[in-house]
Amino acid sequence: MGTAQKTITYAFPMRADDLTDSADEDFTQITVYIPETTRTFRSVLLEVGWQDIITATGGTIGQHAVGLSVAGSAYTTVTEADDITHSGENIAVTPVQYDFTALFAASFGAGASATVDCRLNIVQSTGTTLGARNATALLHITYDYDDTSATQALTAWIPLESPTARLNTGSLTELGTDQVPQLTGAGGFLKENSPTIRDYFFLIEGNESANGGTTDLQLDVALDEDDATSWTFERTLASERYDRLIWRQTGAIPDTTAAHAFMAMCAQNAWAHLSITLVVTYEFTLAGTTAATNSLRIPFYLGGPGATATADANVVRVTVDVQEPATIALLQSGVQLYMTPGGVASDNALTVKVGGQSERSYSPRISNGHGSAVLTQRLDSGSAAGAGITLTARGRVNIDIAVYCGAQYSYQGICGVLYLNYSSGIAAGGRTAHARTVVSQLCDYDAAIPTQYREIAAVAPVLPETAYAVVAHGLVLRHVNNGAANMVG
């Protein structure tokens, strides 16, 4: 018996309705499945987000409280009482994060599953039409476990490619072609034996990109032209916010033996290059598993771009050592790029190329930026720009990500995540000797960061494996702008 570590992710269904100001608002209860034995929880990170529905003067969030209950326990609640102020715009808090490791350790129990409840209380101190909308909650659970457990859990992150411009206004339009992959059966994305899907949701991110319009937005999404799900966004203050949404399909998972079309539209001509990631958490049986799906998330920083032409593009190289045994094959993969709109014209095309791809240009269309923009470009053969890399054998893989823009510094601080998915045989050390991404919380969100810096106490990762190699490491820093313009480093 050996001990290994992993991170799995579960989502609560999004609260698309209006949340009452200064009231406890509950998410729908979920069940979290963790089938491995002898668990030790190392980090349980809850990310919550929401958008205000202020219609005049802008709104200050004076306090917010996040509560979690596991297996019917009393709620553990974290309260942040420092103001998130405004400068006349709508706010999207997307997301803030808190640590609930101790609660899971005390309350989850020895069973293979437990119910989890989440609640949110938002107190606004200024603004007209108080309240919030489209609240989200996401759990990242990192734990040590017995690597010989008969049933084990994994999470796969599968990127869909963004369109290059704003969404169609007249009808639901497919983004790409059958971008939601077949998951199970011969040729399916999930290679382990007898996969049972426990959570299935789309993480949808984007800037409203409404070109300064003040008409409320409605975003419609659907699979295979089924009835659309619609969400509404307050636009009275013309704020181009970065929003993060969760479309959870766990209760009605589409046929996993077939690929599906992801469809979207926005009648108000908005949502440039929407970014969508399918997140699937599943169990499998160790006995009979002869192949593996390896799903990695690797952060990178690019900066700029100061470049305005191909020859001068900003380039970052992400290097990954693939050490799993044959047979190696690239699965649906991509890069997700985040950027901050600069002070130059809003619609300068951003051009992206990954590896050996052709260039692909995006039209952000942000004229009143109050939040980041984001896009996803696939790098496998399903990309509109062609395959960026080949992956057929063990060894070092270099992935070059190149970006330039029509005008210098229109978009700044470009960084992102490489979603690298590939199948392989099973390592001699077993399924848990494979590469994987683990997430650990460094500190809770704090609305009152000092002017100069905040020092985080040293955190030493606890890695239970006796032999390991670090493939990559990085920090995720999320910044909610508070009032007047400022910068973070």
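Select Glu208 and Arg241 to begin: both residues are buried, where buried means under 20% relative accessible area, exposed means over 50%, and partly exposed lies in between (1.4 Å probe, protein chains only). The two form a salt bridge whose closest N and O atoms are 2.9 Å apart, the term standing for a side-chain nitrogen of Lys or Arg within 4 Å of a carboxyl oxygen of Asp or Glu. This is a predicted model, in which local features need pLDDT of at least 70 and side-chain atom pairs count only at pLDDT 80 or more, while totals for chains, interfaces and linings use all residues. Residues are numbered from 1 along each chain as its sequence is written, and side-chain values use heavy atoms, with hydrogens and water left out.

Next, select Arg396 and Asp321, which form a salt bridge with closest N and O atoms 3.2 Å apart. Arg396 lies in strand β26 (residues 395-405) and Asp321 in strand β20 (residues 314-322), so the pair ties together parts that are 75 residues apart in sequence. Arg396 counts as exposed at 61% relative accessibility, whereas Asp321, at 32%, is partly exposed.

Which residues lie nearest the centre of the largest cavity? Select Thr7, Leu154, Thr155, Ser295 and Arg436, which hold that place among the 17 lining residues. A cavity is a set of points on a 1 Å grid over the protein atoms alone where a 1.4 Å probe fits but cannot get out, and lining residues have an atom within 4 Å of a point. The space in the largest cavity is about 200 Å³, a volume being the space filled by probe spheres set on the points, which are joined across faces, edges and corners.

For the last stop, select the second largest cavity, with about 60 Å³ of space, whose lining includes Lys6, Tyr145, Phe284 and His434.

Note on methods: 1 Å grid on protein atoms, 1.4 Å probe; cavity = no way out; pocket = protein on both sides within 12 Å on 5 of 7 lines; lining within 4 Å. Helix = DSSP H or I, 4+ residues; strand = E, 2+ residues; numbered from the N terminus.
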